[in-house]
Structure formats: structure tokens, C-alpha cells
Amino acid sequence: MSLTYRYQFENYDSPFWAFAIHDGHQVDAHLMPYINISDEERLREEDPYTAILAELPCSRFVSGTSRFQLDLNRKREDAIYLTPEQSWGMRVWRTDLPNELKDQLYAAYDSIYEEISQAIQHTIDHYGYFIVYDIHSYNMRRGGAETSLNNAADPQINIGTQHNHKKWRTLTDQVLEALQTGKDGQVYNVRENVKFKGGFLSAYLNDKFGDKGCIFSIEFRKDFMDEWTGEVYPQKLQEYKQLLLHSIGTLENYFAYER
């Protein structure tokens with residue numbers, strides 16, 4: 001049997017990238033007999049609608065496959081959730097996956113990372129630099145639908161920058177400022193490295209290319225949906241998308257004068 005991992009690169013004439021690596025919900029049919037958790041449980045820990053947020057005037061990488069099949073934001077050895085400790089206490093698989101299937105998944109991981117590396121290198125070769133918006137969302141009510149919101153601990157937007165080279169500090173401050181106030185003057189609770197600091201994708205790309213660009217791991221609190229029912233709130237989703245669109249101008253202005 002041959003497993004499928006669904007993903008898509010979209011090239012745009014830009015040095016900037018938008019990634020939505022946790023948007024997908026698809027699990028290969030050959031793996032479904034092994035799955036121990038429900039569609040609803042999977043959806044709750046995935047990042048639905050982040051592909052819509054990533055519809056920006058830049059190149060894109062979007063995953064259509066669930067992180068529960070293969071998580072591209074983890075180290076290779078953690079990319080398949082083999083123990084509950086890797087997956088919020090949930091036992092993802094009914095039984096141990098056959099080695100043949102695990103080998104295929106790890107091979108897909110290696111291949112996709114090679115393609116990502118080539119894409120970023122091509123961007124550097126063409127423009128001399130790159131920026132990645134690594135777009136995610138996070139649950140604020142994992143304890144239950146009625147869990148109280150904690151604005152101090154759960155910012156509307158968390159920017160993970162832990163792995164970035166210190167040369168990008170000025171740009172980071174400008175991006176934070178751009179996301180804190182939208183075009184209409186609305187102020188957003190934007191914090192840096194409070195909820196998440198950036199995953200393996202950020203660490204990998206920064207280690208390989210960090211002197212040529214950086215990764216902003218942007219985590220939106222799931223204000224734009226009901227994380228327990230999956231219902232989306234289109235107006236809020238578009239509001240966040242417009243905020244990202246507004247921030248692209250900050251990137252353009254920065255690189256017009258500095259490298």
C-alpha cells in the first residue's frame with residue numbers, strides 16, 4: 001500500500017511566504033483503521049481555516065493532511081504521534097502502526113522538508129532574503145466549552161520568534177506593532193513568545209537560512225471559530241486576515257531600506 005500526503009506549493013512573485021502546515025484534516029484511507037480518536041477530536045487540535053488566513057500576496061505552502069497523520073512542525077522522531085505524551089494525552093492509534101507505514105510517513109517527512117528547503121533557497125537566490133509567516137491557531141478552552149478566557153495568558157495573537165537571528169529584532173518590533181493596530185484603529189492583544197515560541201519548522205529554517213531571513217510563527221487564538229463545534233465566524237476570520245494583509249506592507253517597507 002502507498003500512503004498519500006496532501007500538500008501544495010503556490011509560487012508568487014514575492015520574497016515572502018505564508019505557511020499553513022496544520023490546516024489539513026485529511027488522513028489516508030490506509031491509516032483510518034488504526035485511528036483511535038474521532039474526527040471531532042482531531043479537528044479540535046488541528047488549525048482549520050489557517051489556509052484562508054494564509055491567502056496573502058506571497059508564496060504559499062499549505063498542508064491538506066492532518067497533523068495526526070504527520071506533524072511537520074515536530075522533529076522527525078516526533079512527527080508521528082506514537083505516545084499520548086506527544087498528543088495532548090490522547091492515544092491516537094488503536095495499535096502500533098506497522099513499520100512499513102511508519103517508514104512511508106518518515107520518508108514523506110524527509111521529502112517535504114527537502115522541497116521546503118529548496119523553495120526557500122530559491123527565494124534567497126532570487127531576492128537575497130526571505131520571510132515566512134508560519135500561521136497557526138491555538139485552543140483557549142481545551143478544558144471545556146465553558147472554560148473562562150484568560151486574556152493575560154491567552155493573547156489574541158502570539159508571535160513565536162525564539163529561533164530567529166538577533167539581526168531581525170528591529171523587523172520583529174515593527175511586525176508586532178503592525179499587528180497590534182489594524183487599519184480601522186482597533187487594538188489587538190499581541191504578545192511575543194508567551195503562548196508558543198516557534199516550532200521545529202522555525203528552528204530548522206532558521207538554523208539553515210537564519211542569516212538571510214526569519215520565521216514569524218503566528219498563533220491566532222481560536223476567536224474566529226468555536227473550537228468545540230468547529231463552527232467558523234467568517235467576520236472574525238476575515239478581520240484577522242486583513243490584519244495579516246496590513247502587516248505585509250511593514251515587510252515591504254523594511255526591505256526597501258534594509259537587508
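Trainee: Which kind of contact joins the side chains of Asp71 and Arg74?

Mentor: The general idea first: a salt bridge is a side-chain nitrogen of Lys or Arg within 4 Å of a carboxyl oxygen of Asp or Glu. Here the side chains of Asp71 and Arg74 meet in one, at 3.5 Å from N to O. A word on the model: it is predicted, so local features need pLDDT of at least 70 and side-chain atom pairs count only at pLDDT 80 or more, while totals for chains, interfaces and linings use all residues. Residues are numbered from 1 along each chain as its sequence is written, and side-chain values use heavy atoms, with hydrogens and water left out.

Trainee: Is Asp71 buried or exposed?

Mentor: Buried means under 20% relative accessible area, exposed means over 50%, and partly exposed is in between (1.4 Å probe, protein chains only). Asp71 has 0% relative accessibility, so it counts as buried.

Trainee: How many salt bridges does the rule give?

Mentor: The count comes to 12. Among them is Arg221 with Asp223, at 2.9 Å from N to O, and both of those residues are buried. There's also a network of salt bridges linking Asp39, Arg42 and Glu46.

Trainee: Where do Glu239 and Lys236 lie?

Mentor: Helices are DSSP runs (H or I, at least four residues), and strands are too (E, at least two), numbered from the N terminus. Glu239 and Lys236 both sit in helix α6, residues 234-257, and are 3 residues apart, about one turn of the helix. Their side chains form a salt bridge at 3.1 Å, N to O. Glu239 counts as partly exposed because its relative accessibility is 22%.

Trainee: At what angle do α3 and α5 pack?

Mentor: Axes are lines fitted to C-alpha atoms, for helices over the stretch in contact, and angles run from 0 to 180 degrees between N-to-C directions. Helix α3 (residues 99-127) and helix α5 (residues 200-209) pack at about 50°, with axes 11 Å apart. That makes α3 oblique to α5; under 35 degrees counts as roughly parallel, over 145 as roughly antiparallel, 65 to 115 as roughly perpendicular and the rest as oblique.

Trainee: Which residues of α3 and α5 meet?

Mentor: Contact means heavy atoms within 4.5 Å. On the α3 side you'll find residues including Tyr109, Ile116 and Gln121, and they meet a set in α5 that includes Phe200, Tyr204 and Lys208. By class, the contact of α3 with α5 has 10 nonpolar, 2 polar and 1 charged residues. Ala, Val, Leu, Ile, Met, Phe, Trp, Tyr, Cys and Pro count as nonpolar, Asp, Glu, Lys and Arg as charged, and the others, Gly among them, as polar.
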